[in-house]
Amino acid sequence: MEKKKSSEERTVKKAAPKKRKKTIKKGLIGLIIVLALIVMLAGGSLAYLNSVNNAALPQLDGQLNEQGLWAKVEIIRDSHSVPHIYADNMHDLYFAQGYVQAQDRWWQMEFFRHTCAGRIEELTGKKAQLISSDIYLRSMGWYKVAEQEYNNYTQEQRFALDSFAEGVNAYISDRTPEQLSVNYSILGLTGVKFNIEPWNAVDTLAFGKLMSWDLGYSNDEELVRSKLYSLLGEQMADAWQTPTYGYDSKPTVMQEEDLKVMKAAGWTSPLSNTGNSTAEPTGSGQSFLDSKPDLSWLMGDPAGKGSNNWVVAGSMTETGMPLLADDPHLSIQMPSIWYEISLHSADDGSGQPFDVAGFSFSSAPGVIIGHNSHIAWGVTNVYPDVHDHYQIKVNPDNPLQYQWNGEWKDMTVRQEIIRFGDGSSPIAIKVRETHLGPIINDNKIDAVTGQFLGSNNKDPLALRWTALEPGTLALAIQGLNKARNWEQFRSALQYWESPSQNIIYADRYGNIGYQMPGKVPIRAKGDNGLLPMPGWTDEHEWKGYIPYDLLPRTYNPSRGYIITANQAVVPPEYNDFLKIALGADLSYNLGYEWNLGYRAQRLNQLMEELAPHSIETFQQMQGDNKLLSVGEVLPYLANIKFSNKELTRAVDWLVNWDYTFDADCPQAALYSEFWMRLVKNTFQNKLGDTAQAKGGSRDMWVIKLLLEKPDDPWWDDPTTKGKIETRDDILEQSFIEGFAATGKTLGYDREKWQWGQLHTATFVSNPLGSSGIGPVESLINRGPYPVGGTAETPNSTKWLADKDNFSVDSLPSMRMIIDMGDLSRSICMNSTGQSGNPASKWYSSMIKPWLEVKYHPMLWTREQVEADAKHRLLIEP
């Protein structure tokens, strides 16, 4: 059994003001749990909490017998508790993977599957703040689509999913809720009753829909754009929402040399009408009833979420073989969304050995990001526009019909029951679906009266989204894990339909490459997906998808490297290619809401500066804290004439700074306070409650463009009467406010300021981590910790300007560096720890090295694993 973890430092010397926790709002767990714990406080509630906490620790050593296995499986855990599984066959390998991931992360799996199904309140009890979330998620119908996916698979294609589910169930089936997670024990104090259902393959597939939502539709701004057009006018709104991409300074993923190679290879066709262009929006600019509740407590704020990956050829490395790096930037959470694992089978089903290592999701079999014996791969998000809202005309005489091509068409209606774990009366809702997709702004709850509104026949919107169509993502993962070369890699990725990703490649033969997979819709000529479209004729219906072989890819580019950081995928020249291949009478939009390229620009700089590359230079790149946006702003600030000499000296102090946001940097603290106010004073006083300026790459780039236009209307403050502010007015005001705020918080000796005193990371576990109950939160949360980086540094620890503090919202959720010259030299580090059990010493064991941008070896050979073995579990039939 695991032993109880020793105490560890969980706070910083000076806590950040207005500490914010990125989860469900405090108090959601309710008064009952507070009263229950008050009673226990008298008798030592900490002893109770420790007791129920330790009850969920799994067995890591010895021997077990589990029905369903075909042969013996050996699970060796190293000094970081990373499991290395050795099996004779693929069934037992996936079985054991399900078993160990349930051992370590069962509550995470349970909470995510209830989230995907819109059943969160079956775990928490009825909460007013969660009802709209459950209704919205249930209306999406992710489980319905996941079931269709599963039914479309052959028995052979289901094999990994089913074997994994068998292993999960082998672990959970003979354990009580209290033996599986402390969350059940504490939530049970509120009167919630738990019925732990068996895991099945559809649970895994539904989680894929959650990730598609997190990396795509959650960031959709069609409805916000409609409102901003009414509020600001199209020109001003577009200047903020879809600024022209800086192709002259911000490198795209695919570069001109890649296009030339594609043409020479016979690619007479190309990709899409790229985003961040000057495209004229089509559709309706009217305001609609909001469709999405605030789900930022679940997966973090969607704005500006991104990742980095890059790969270099042997011509740019010290060893002469490729290196590959990946660090996905996802919401801060406890435990990390990633689970490190290595999988080894003597027979992959074809008589060949199967070996793969890297990171998976707790809910899924196989490895999502990592390497096998032949290739390595990494992913970042593309942010393609793969969803559209359609305005629906409902039959006034029959609310279950909608107009289509001049006729009334029947909707499909499914009844959903929202149940509550505390026994509260269930709520029945009707979800109306059109052939375009579900109506997603039905069943709203009046914010003032709390009244359930039912069907919305005033301005209903149907959602067309690629993730709501049955997909084949699971087949892509299975194919990647077995791929041995570039051709098999690309063959696997044709099944990766959603969420679309930038996927880089390296192999043991010295090749590197890049492929963007995914279903990207072809729209009618003139349609660009920026606004809700008329949904009563087929005029604006999708016309198909861009063929996989026409999506961006490059193989062994002459420059010797490929970098993706969520920036624009293709240069403008690419826009003409698809018109040649598919016709000029259609619209081929990849997207409009790229990251605006600061991380990509910085990584390209480092790629050239630090060559020839090694694992050490890659570590330096992943930990780089330099923000290039600062250099675009400070020259203008330096020209302001302040009457206060202290302010002038402070500006001079900033101008001589290197723009690096290390945790102990004093200038970073002042600049961030100034930047927060510059964002608010430039944008938020005009956006009001319609939209929020977050301070990320878009705001950085738009401010850069506005700085060149000192009299642009965006500089004017509409709250001041009789005065029109200019650029210099807002810069001066913002710096005065930022300097005062920094001094008030950190004192007035600026040499003693430290960015990490403001910028902290707190890892919070849903849902109890935001209960508002100190003993509970201290049991399962970790932090706050001072941290370096900021939004849009390569080490991107994003904070949100609209939250009035600098708490980390998203971060490099793990870091990985693969050495194709010797896979046993590869390294990585997760952001929290392997375990999701707070009593485990591996619950937060990786936080400190992660903060310091340190790594541990990705053990690969059996010899490495045996040398670092700390626990050994044998499971037999």
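## A kinked helix

Helix α7 has a kink of about 30 degrees, centred on L161. This is a predicted model, so let's walk through it with that in mind. The helix covers residues 155–172, 18 residues in total. From its first C-alpha to its last, α7 reaches 24 Å, close to the 26 Å expected at 1.5 Å a residue.

Which residues of α7 are buried? They are A160, L161, S163, F164, A165, G167, V168, N169, A170, Y171 and I172.

## Strand β19 and its two partners

Now to strand β19, residues 512–515. I512 and Y514 point one way from the strand, G513 and Q515 point the other way, and all are buried.

On one pairing, β19 runs antiparallel to strand β18 (residues 501–507), joined by four bridges. Here Q515 of β19 stands opposite I503. The hairpin of β18 and β19 has four residues between the strands, and in this hairpin G510 takes a positive phi near 100 degrees.

β19 also pairs with strand β23 (residues 553–555), again in the antiparallel sense, over three bridges. In this pairing Y514 faces T554 of β23, standing opposite that residue. Both of the β19 residues named in these pairings are buried: Y514 and Q515.

Note on methods
Residues numbered from 1 in each chain as written. Predicted model: local features only at pLDDT ≥ 70, side-chain atom pairs only at ≥ 80, totals over all residues. Heavy atoms only, no water. Helix = DSSP H or I, 4+ residues; strand = E, 2+ residues; numbered from the N terminus. Expected span 1.5 Å × (residues − 1). Bend = angle between axes of the 7 residues up to and from the residue. Buried < 20%, exposed > 50% of the residue type's maximum accessible area, 1.4 Å probe, protein only. Pairing = 2+ DSSP bridges.
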